[in-house]
Structures are given as C-alpha cells and as structure tokens.
Protein chains: 2
Amino acid sequence: MGGFFTGRTLADIARSLRSGAETPAGLLAGALESVDPDLNAFVTVDPDGAAAAAERAGEELAAGYDRGPLHGVPVAVKDIIDVAGLPTGMGSAHFDGHVAEADALCVTMLRDAGAVIVGKTGTHEFAYGGTGDVSVNGPVRNPRDRERMPGGSSSGSAAAVAAGTVPLALGTDTGGSVRIPAAFCGIAGFKPPYGAIPTGGVFPLAVSFDHVGVMAATADDCRIAYRALTGPEEAVPSPAGGGAPHGGPRVAWIEPEGADPDVERAVRALFPDAPSERIDLTGIRAAFRAVQDAEAYDVHAERVAEAPNLYQPPTLRRLERAAGTPGWRYLRALREREAHERDVAELLDRYDVLALPTVPITAPKIGETEGPLGPHIQTVISLTCPWNLLGLPALSVPAGTVNGLPVGAQLVTRRGAESLLFDAAARLSSGA
Amino acid sequence: MGGFFTGRTLADIARSLRSGAETPAGLLAGALESVDPDLNAFVTVDPDGAAAAAERAGEELAAGYDRGPLHGVPVAVKDIIDVAGLPTGMGSAHFDGHVAEADALCVTMLRDAGAVIVGKTGTHEFAYGGTGDVSVNGPVRNPRDRERMPGGSSSGSAAAVAAGTVPLALGTDTGGSVRIPAAFCGIAGFKPPYGAIPTGGVFPLAVSFDHVGVMAATADDCRIAYRALTGPEEAVPSPAGGGAPHGGPRVAWIEPEGADPDVERAVRALFPDAPSERIDLTGIRAAFRAVQDAEAYDVHAERVAEAPNLYQPPTLRRLERAAGTPGWRYLRALREREAHERDVAELLDRYDVLALPTVPITAPKIGETEGPLGPHIQTVISLTCPWNLLGLPALSVPAGTVNGLPVGAQLVTRRGAESLLFDAAARLSSGA
C-alpha cells in the first residue's frame, strides 16, 4: 500500500523530470490521484492552481530554465500558512471561509524554487498542540495505523508525505510540530534554526519559538528542500575536537528522562558509541511553557473574549490556562532561557550532534488524551520543545519501529552547522 | 526656619570652599547639626565615614587637587542604594541589619567626584510607591508641612534637601520617585534618560524603568550634579524648527487630564505661550503598570512566598496584585511601549520640551490613602510614569504653591537633549 511518491526521492524525481521520462503535470496527476480522503490529510486541494503551476514548470524545464531540485515537484502546505487565493483555516472555526490574500514568504520561496502547490494540509487547531487530533476539520489519521494520531500540529503534512501523496510538505514547528508528526508517521522532519525560514504570512503561535520546517520521506530530501529554499550550504564547521574516531561527527546521547523504555532502546541502539549526557529538561520545559503560554494568549486574547465557543474545547481550555501565566514568570523564563543556552552551548563545544528520541512514546490512539507518561499534549513535545526554546536546528529521522509503530531519532546541532545533522543522518541510514 | 544649606547653591558652596572661607569638614558639621530627627529623613547618619571623606576632600582641595563642583559637598543617598559598610535597609524589615558590602556604581561616581556621603535617607518600602509613607522606618515628614507626605519613594532625600540639611541627594525613579517628592517638598529633581547613571548596586524595582536621579534645591544644581557625575554636556541640539519666537526652546503643554485644577492652573501659568497637546496618558499608564507589576514581582517572588509578613501590609497587597499581571499583558505592554515611543517622538520632532505638572495634586496628609482623583498611590505617579515607560529625561522644578503647598512643573525632552531642559528651567526661574 503506497501512494504515488512512496519510495521515491527528490533526487529520483528531479532526474526523471529532466530526462523527460516524467512531467510536472504527470507528477501532479499522480499526487492528486493518491489523495486519500480517509486520511483527512488535506483540507483543501487546488487542482486548478496546481495544474497551472505544473504546466508552467513543465514549460520552463522544457525550455531549459531550471529552478533546481523542487522545480515541478508537488508540495503540500500546512493550513496555517497563507497561500494566496486558497482558504487558510488554521484548523479552526474562527477562520471558516477565510481566504488568504497573499502568499506567506515561505510559499513565495517555494514558488521561486518552482514547486507545485497541491493544497493545504490539516493542522491541530491554530497549531496549538502536538497530537494533531484537535481541529474543526476533524482528526488527521496516521497512515501507518489509521486508528492512531499522526502527531501534530503539522499533522496533514506528515500524513500526506507518509502516504506518498507528495514527496515534500511545509510544516511549522513551535514546540515540535514538524518533528513529532514526522516521527509518528515514519518520515523525516527538519526544524531549521530560528529565523532561517521567515515566518511572515504564517499564523503565529508563540513568536519566540515559531519556525517553518520541511517534511519529506528522508533526511536527505529534507536537506535538498531546505537548501533549495534557503540557498547553498555554508562550509561545514570541522567536528569538535577533531571528530570522533570513526571520522564522523562527535555525537552525545541526551538522556530522555522518563521516555518509554522501548522507544529509548530503539533510538539509543543507533548511537552505540555516544556518551550519555544530561540537560536540564525539566527547567527547559518549564521555561518553554511559560513563554509559549504568554505569547500564545497574546495572539488569541480578543478571540477568547469575543467568541470562545468557536474554539475546539481542548484549545479553549489550553488558552484559558495560558492566560493565567504570570508576567513575572514569563520574563523570568526569558532569563532562564539564557542560562539554558549557555549550558547547551557548552555541550555543543564538546560535541557536534546531540541525539535523543524525537518523541518519548509511539503514536497514541485517536481520542486518547493521556498515557503512562502523563497527558499526551505535554508528553509529545517533551523532547522537541527544548530545541525551540533554544532555537537550534533539529532533525527527526525514522529510527525503526516499536510494536510496529514508527519512532524517530532526533539530531540537534549548533546554529549554522545544519550540514552536520544531515551528514550524521546519512551515516545512520548507511549504517556507517 | 532653614537648615544649614537653605538658600545656598552648589556654585556658592564651591566658591566658598575654594576661597578657603569654608572647609568640607565645616560643611559636614553644618549638615550633621541640621539633621532633624522629627522629619525622619535619614535612616542612617555616618558621622565617622563622612568626617574621613571630608578630611580627605579638604586635604585634596588644599593641595590644589580639584575634583569639581561636588568636591567636599555633603550628599545624602537613598537607602536602596548600596554604600559600602553602611546599613542598606530598603525601608523594609526584610533587610533589617543588612549592611552593603560594596558601593553602588552611582556612589562610586559620587566619591570620584569628591562628594561627602552624610548618610542614608528613608525610602518608601523597596521604592514601591510614590507616597513615601510606607516604610519599616516610619513615614518621612514633609518639611513644608510636617503633617503631610513628602512624596516618594525618594522621600528622605527630598526632605533632607528641602530642610537644608544637604545641598544634594541621590534618589531613584521608576515611576516618578525622584520627581514626585521633589515636587511635594518644593525642590528640583532630575530623572536622566534611561541608563545615563548606572543602576548597579541599586535594589531593583522594575528593571525596565529604574533610573538613578539627582535632587537639589534648584534645577541648576541638578544640572551641576548630573554633569559632575556623567561628564560634560553634549552639544545642544538646535531647537526644533529654529526655536520659538523668544529664542528659547519650543515648549508644548501636555494636558494633564484630570489634574487638580488649581495645580494645573499654577503650572500652566508658567507656559502661557505653549500650545496644548495630548498624549495617550491612559494607554501609557496601563502599559507602564503591566510592565512594572511583572518586573517588580519577579524581584520579590521568593520573599513573598517565604516571608510575606515582613512586608508592610500595603506593599504586600501591591505585590500580590502585581503577581497576577498576566504574561500576555506584559509582552503586549512592551509592544505598546513602542507605539507610544513613536507617538511621543513625533511630538518631540515638533517641540523641544514638553511641560506638564509633576504631580496632579499637592502633598496629602500622612495616613490618607485616597483623594478626589483616586488612590494616592496611583495619582501621584500619573504624570511622571510616562517618562519612565519611555526612558526620556524629565526634570521637576518648583512652580510656586497651591494653598501654601509646593507644586512642581515637569519638563521632558529627547534623550541627549537634557541641556534644553535645564535651559528651559533657567528661563522659567529668570522669568524670561
């Protein structure tokens, strides 16, 4: 059971388009045919707009005007990101019928790279949750087990890629919303360093932590897409301390305190030589939460006052709790962030890459709100949100399965050293 | 009825010291003799330390080593400012018996200028209030009417200068705490632009708004002291639009909405030609309060949790209310500040100086908590706190009396244009 793009890489696709074996219009037709309504990954499909873009891409390629590896490639865009002329619903009744007037900056970047925007994908309401099952559009289903959550908030983007409907999707990540659904759905997801892809035209969740990220079947495809959007790779900083004995980057294992032991074991097995290190996960999460709460409520205060009933009940409850985060706690959390930044910077002086599970559990059943580790809404972000607080690049790559469900390995590095992440991921997938 | 320094200016004193007519030791003796315990202006007098400093200053001056206009001059320092070896009590039982280990930076600056530190002056508890009557040391009394509040929080510094005990005192000003007591006590008080005098070693109230300022009988003495501490005056920016017809700075009258009409009339009379302008005082005050609340509670959270009973009850009540200021309100207030900055900058493109009353009422009776304009604690800062939110230099100068009680005129200008304030004040006192 696979979609049109299952098993294909961006490199394959680019070759095929340039050889003339396939056309953008043909790829688009394949994508549209493999949209599976039962997954609920898409909230809007735009066959006409996509067809026009595919035709233009085909003409450009035929004329020898090559925009690079995304040229003519079907891409899905999360529904909190504005695409001019398409509904942008944020997964919320508050934006029922709302049509974006202009493209978000990241969409402009996609178009400049020649991508063909197939449609908009389902999001946890206002991206305010990592489970992906709370939306006016109903829950997105996990292609790997349709009874289970896809993770969120970029739920539909992950499901669309995992189902093989598109080879690439844009998501956003404020506490893990690209990486969590990537891990749950068995694909790769990359959150760049803070600010690397501009957030203009993206509905804000918490401005200090909001990132746009890319989601694809493999880490290498994430790399290709990220570079296509942001420009060529910088020179790779030489690995700390001259590199590990095997010549690759020096990797530290960050102890994922409290993670499901099976998940931890599966991911740890990929890094047998990495020494264990600890970071103050508890303090980091508390600081993250205080800042996210205050910033999220700032975005929603008027809506909560004027039309609370338009929210899904879990979202409203979260916002009401967020409203109570005191100002002194917020500003203290910003100070605490500086201390955590120093601690992690010290670790990243000694290591090139930090590794840990992306999520400490596998995908829960849709409708389940709590598990052995506590409320899912908190559990799912517990290992991803630190890298939002710190703004560091973080990549989730498939790391096998536990009880048949995908788990993700998360790799983190210094700002500007993103290529090390992708190199480390390549070594993992090659078994080096 | 006057103290030793009543009617004397820093310029007089400097001349007298340099002519040999007086010595620093003699000035100190005069200051110490005119400490009036009934006013409760001083919480600590340091005759020994001051005598040593006066002796040194005398020797230096005699040897021709001249540190400038504060050399040998007795000065009082507010009791939230650290002076090495002296008790620094913050007006609070929390710091009962606490002795500062090192000088605050502003005290180092005083000593470098040759000043003789006579002692520490009473403060509203933790500087968290503009009335000056809430302190473990009891209320400071207003030398102009001992049944009345001196204003705060730099209450003792104002009373010590107004009583003629010292010609100069340091205060701090977070919402008006230098200017309010200056106005209530009939002296001058200057809050420099934010950051102009460093706050290191000063107990924080709200870090975004905390300023160290100077208090003296006249604006000219404030100018001399400020320049002695911070260095020579910058070139004066030429008055906006080529200056007013009379050749002085162009002054706008800021409508002090809701001020006591007698106070408004008294101050307005000093600026008969100034056109009226309005600023969004309500919005500015709300933003000020949200930020001050959050930042103040951040400073006190542990003390409130561990020893609430050590606070004076009004201070504890204020802190408990401040704790509830939501994070989203705090960060919105910081954004609102930027908008207010733009509005006032636009006004300061058209005018050199903004004028308004320092406080919209005269000094209330000690023990009174509310008046026709509302709770005194809010009323007293209502015209001063805008310039803390915006970090602009603001000077309060004596502007006559209403019903026998002093009122202050407040002058505000652009950052870096402080000399225009002092020029404007000089024109006022000369009647030009």
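I looked up the salt bridges between the chains of this predicted model. The rule (a side-chain nitrogen of Lys or Arg within 4 Å of a carboxyl oxygen of Asp or Glu) finds six salt bridges across the interface of chain B and chain A. One of them joins Arg332(B) to Asp298(A), with the closest N and O atoms 2.6 Å apart.

I then asked which elements of chain B give two or more residues to the side that touches chain A. They are α9 (281-306) and α11 (327-350) of chain B; helices here are DSSP runs of H or I with at least four residues, numbered from the N terminus.

I noted the extent of the contact (heavy atoms within 4.5 Å): chain B gives 15 residues and chain A gives 15 residues. The buried area (accessible area, 1.4 Å probe, lost on putting the two parts together and summed over both) is about 1300 Å², and carbon and sulfur atoms give 55% of that.

I checked how the copies are related. Of the contact residues of chain B, 100% recur in chain A.

On conventions, I number residues from 1 along each chain and letter chains from A in the order written. Local features need pLDDT of at least 70, side-chain atom pairs need 80 or more, totals for chains, interfaces and linings use all residues, and side-chain values use heavy atoms, without hydrogens and water.
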